[in-house]
Amino acid sequence: MSHSPEVSLVDVDEAVLDNLLALAKRDASPDEVAPPLGGPGWNLERTAWFLGYHRAAAHGLGGEAGEKTWGILADGSLAGSIRLRRITSGTTESGPGGAVADTGIWLGRSFRSRGVGGAALRLVLEEARRAGLSRVTARTLAANLGAQHLLASAGAVLTHDDDGTVRAVVGL
């Protein structure tokens with residue numbers, strides 16, 4: 001019988017941020033976690049972006065960045081990060097029907113395929129409901145079948161786009 005880990009979200013303070021960066025560097029590809037800045041690998045530009053991104057998102061959906069990130073704990077161990085980013089009204093993504101946010105997640109390789117991602121997504125959808133959002137969207141690559149399965153299992157409607165991506169929408 002397989003063990004489903006206990007999953008929770010934790011605010012990203014400086015201690016969690018240091019541990020997230022260490023996890024990303026040892027257990028994830030830089031391209032899964034940060035944009036391609038300054039060349040390949042974990043260079044100074046990517047590291048600076050990673051730290052700045054999470055620090056800006058520490059102020060939550062109501063903050064200047066309009067975004068909140070959490071560390072994902074699996075059985076008490078830091079496993080990755082998940083976010084909600086408010087999509088401003090007036091964009092084609094938000095459309096009619098209320099406030100919308102998008103989400104994204106990354107997990108260290110050693111935490112994948114263990115139910116951690118699905119549990120973290122359910123928790124962030126609850127955060128979105130509490131924030132009064134009506135929908136959460138996500139985008140992934142068409143080749144990322146694991147992410148598509150994760151999103152569909154959370155009730156997302158998936159749409160394959162011509163650019164090689166898949167858009168997911170979860171109604172709340």
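This is a predicted model: local features need pLDDT of at least 70, side-chain atom pairs count only at pLDDT 80 or more; totals for chains, interfaces and linings use all residues.
Which helix holds both Trp-49 and Tyr-53, and how many residues apart do they lie?

1. The model contains an open sheet of seven strands, whose order is S1-S2-S3-S4-S5-S7-S6 and whose pairing is mixed. Strand S1 and strand S6 (157-160) stand at the edges, and because each has a single partner strand, one side of each is left without a neighbour in the sheet. If direction is ignored, neighbouring strands of this sheet are turned by 30° against each other on average.

2. Strand S2 and its partners. Strand S1 (residues 7-11) pairs with S2 in the antiparallel sense over five bridges, and here Asp-11 stands opposite Trp-70 of S2. On its other pairing, S2 is joined to S3 by eight bridges, again in antiparallel fashion, with Gly-71 opposite Ser-81 in S3. Seven of the eight residues of S2 are buried, so the strand is largely enclosed by the rest of the structure.

3. From S3 to S4. Eight bridges also join S3 to S4, and these two strands run antiparallel.

4. The hairpin turn. S2 and S3 form a hairpin with two residues between them, and Asp-75 is found in this loop, between strand S2 (67-74) and strand S3 (77-87). The phi of Asp-75 is near 50°, which is a positive value in a residue other than glycine.

5. Is Ser-113 buried or exposed? Ser-113 has a relative accessible area of 82%, so it counts as exposed, the limit being over 50%.

6. The largest pocket. About 1,400 Å³ of space lies in the largest pocket. Of the 44 residues that line this pocket, the closest to its centre are Gly-104, Ile-105, Trp-106, Thr-140 and Asn-144. Several elements give two or more residues to the lining, among them helix H3 (44-57), strand S5 (135-141), helix H5 (145-153) and strand S7 (165-171). By type, the lining residues divide into 18 nonpolar, 16 polar and 10 charged.

7. The aromatic pairs. A pair of aromatic rings is described by the distance of the centres and the angle of the planes. A search of the whole structure finds two such pairs. Trp-42 and Phe-50 form an edge-to-face pair, at 5.9 Å centre to centre and with 90° between the planes, and both Trp-42 and Phe-50 are buried. The rings of Trp-49 and Tyr-53 have their centres 4.8 Å apart and their planes at 10°, so this pair is stacked.

8. Back to the opening question. Trp-49 and Tyr-53 both lie in helix H3, and they are four residues apart, which is about one turn of the helix. Trp-49 counts as partly exposed, at 29% relative accessibility.

Notes: Residues are numbered from 1 along each chain as its sequence is written. Side-chain values use heavy atoms; hydrogens and water are left out. Buried means under 20% relative accessible area, exposed over 50%, partly exposed in between (1.4 Å probe, protein chains only). On a 1 Å grid over the protein atoms alone, a cavity is a set of points where a 1.4 Å probe fits but cannot get out, and a pocket is an open set with protein on both sides within 12 Å along at least five of seven lines; lining residues have an atom within 4 Å of a point. Grid points are joined across faces, edges and corners, and a volume is the space filled by probe spheres set on the points. Ala, Val, Leu, Ile, Met, Phe, Trp, Tyr, Cys and Pro count as nonpolar, Asp, Glu, Lys and Arg as charged, and the others, Gly among them, as polar. Rings of Phe, Tyr and Trp (its six-membered ring) pair if their centres lie within 6.5 Å; planes under 30 degrees apart count as stacked, over 60 as edge-to-face and the rest as tilted. Two strands pair if DSSP finds at least two bridges between them. Axes are lines fitted to C-alpha atoms, for helices over the stretch in contact, and angles run from 0 to 180 degrees between N-to-C directions.
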